[in-house]
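Subject: Structure handover and notes

Dear colleague,

I am passing on the structure below, together with some notes for someone who is meeting it for the first time. Please keep it open beside you while you read.

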Amino acid sequence: MTPAREPHVPFAERCAYPARPGNAVRALIDGEPAFRRICAAIAAARHSVWATVAFMTPDFQMPDRQGDLFDVLDRAGQRGVDVRVVFWRPNPQTQVYEPRTFWGSPEQRRMLAERAPRISLRWDRAHGSYCQHQKSWLIDAGQDGEVAFIGGINLNPRSVVAPGHTGGGEHENHDAYLELAGPSASDVHRNFVQRWNEASERQLEGGIWGQGGREDLAEPEAAAAPRGPSTVQVQRTLHARRYRRSHPDGEASILEQYLLAIGAARRSIYLENQAFEVREIAEALRQALERGVEVVFLAPAEPEAALNIAPTPERLAFLEARAALAAYPHFTLAGIAGLDARGRRRDVYVHAKLMIVDDAWATIGSGNLHGYSLFGSTEMNAAVWDPAFARALRCELFAEHLGLDTDGLDDMQALRLFRRIAAENRGKRAAGKGDWQGSAFALDPAIYGRAA
């Protein structure tokens, strides 16, 4: 089944899954409401709870005193629900991330033995220096009430925060998930089955946990029934060498879709991403700016430390290409800073991975705009063709970042307002003033991401 009318943003063609109409979608902005909704779905599960987890710290707790991940999952398991999780196990090249992962260390396995949760686990490595970076949840797979969650929120305390980032402490994250029900949720189902059945450690000692850890799963035979008005395509990054069996050529449909959407933009592009490190994206945005498209890119005020490196010739060329975007008056690079309990401004780390084009199309997922996510790490995004959803998402995000209702503005007007407020707040930031409008402030692309 294909959509009746081709939208102006094309579908990704080199994608394992088609664009499917008939989906219900909802954005979940920031970790506290997102995990609250995920916990509610787990509590209501009747058949299964399946998840893929990349990063999790030992001090992570779900909102509303619901306990840690294993407390929440074990309550479902004790009701007879089939609970399975695929965790990332870092390679020697990525060993630095072990303290932020549940990689199956002896201490972690002792904890499992003491608690004996009624769950099944498999561990999975990525290829080389890449990451198993998907962060997905699937409730009641293949059943009438099937619902999936696709996004990028990690299981750590800095992510479990309320929208607005007011009154909190240092090092908060701004982030997003997408709730999905309908035919495209079956593709999240297929993805989990693939990840589970091909988990690299499944036949090794210490590579599984729980009786169900030895069982492979069957893919769904058909897509789920329609549940809503949105057309959705589930897109991924898969490394060809890691997925020789199921995807010998790999998959890079997230990058393909970003370039297609930016190339199709007629009026406005709004991005939130942890990284802006790919020259193809910078060039696509430059071409959009040449067409007169309004562009706002929300990023961390300080880039990830691993990206703030001394420039090679290749990186220097990228930095110059990114800095050149500042020559266009309708381009804005911005960060956000919330108010702490004492009324002082502190930067909020933008960890979201989303884009909205022309108030008509949007994507939310785990894919960052750097080479790891777009060329090698295992990622998953959901692209949504639904103007009502895209516009509502833009209004929700702008209400948070600008402290204003932009429902009465069209997309271009709203991005121009964002640009003006961000520039004004940058001046107030430089002057040490905290009386901002909202939390967004402009950054200088000419120096952003350059090593000191």
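How many bridges join strand β1 (residues 20-29) to β10? The two strands are joined by 2 bridges and run antiparallel, where strands are DSSP runs of E with at least two residues and helices are runs of H or I with at least four, both numbered from the N terminus, and where two strands pair if DSSP finds at least two bridges between them.

Before going further, please note that this is a predicted model, in which local features need pLDDT of at least 70 and side-chain atom pairs count only at pLDDT 80 or more, while totals for chains, interfaces and linings use all residues. Residues are numbered from 1 along each chain as its sequence is written, and side-chain values use heavy atoms, with hydrogens and water left out.

**Strand β10**

Strand β10 (residues 230-238) is largely enclosed by the rest of the structure, because 9 of its 9 residues are buried (under 20% relative accessible area with a 1.4 Å probe, protein chains only; exposed is over 50%, and partly exposed lies in between). Both faces are covered, with S230, V232, V234, R236 and L238 buried on one side and T231, Q233, Q235 and T237 buried on the other.

**Pockets**

A pocket here is an open set of points on a 1 Å grid over the protein atoms alone, where a 1.4 Å probe fits and protein lies on both sides within 12 Å along at least five of seven lines; lining residues have an atom within 4 Å of a point.

The largest pocket has a volume of about 740 Å³, a volume being the space filled by probe spheres set on the points, which are joined across faces, edges and corners. It is lined by 32 residues, of which F55, Y97, R100, Q274 and E304 are the closest to its centre.

The second largest pocket holds about 330 Å³ of space. Its lining has 17 residues, with T57, P58, F102, Q108 and M111 nearest the centre. Helices α2 (69-78) and α3 (106-115) each supply at least two residues of this lining, and the largest share, 4 residues, comes from α3.

Best wishes
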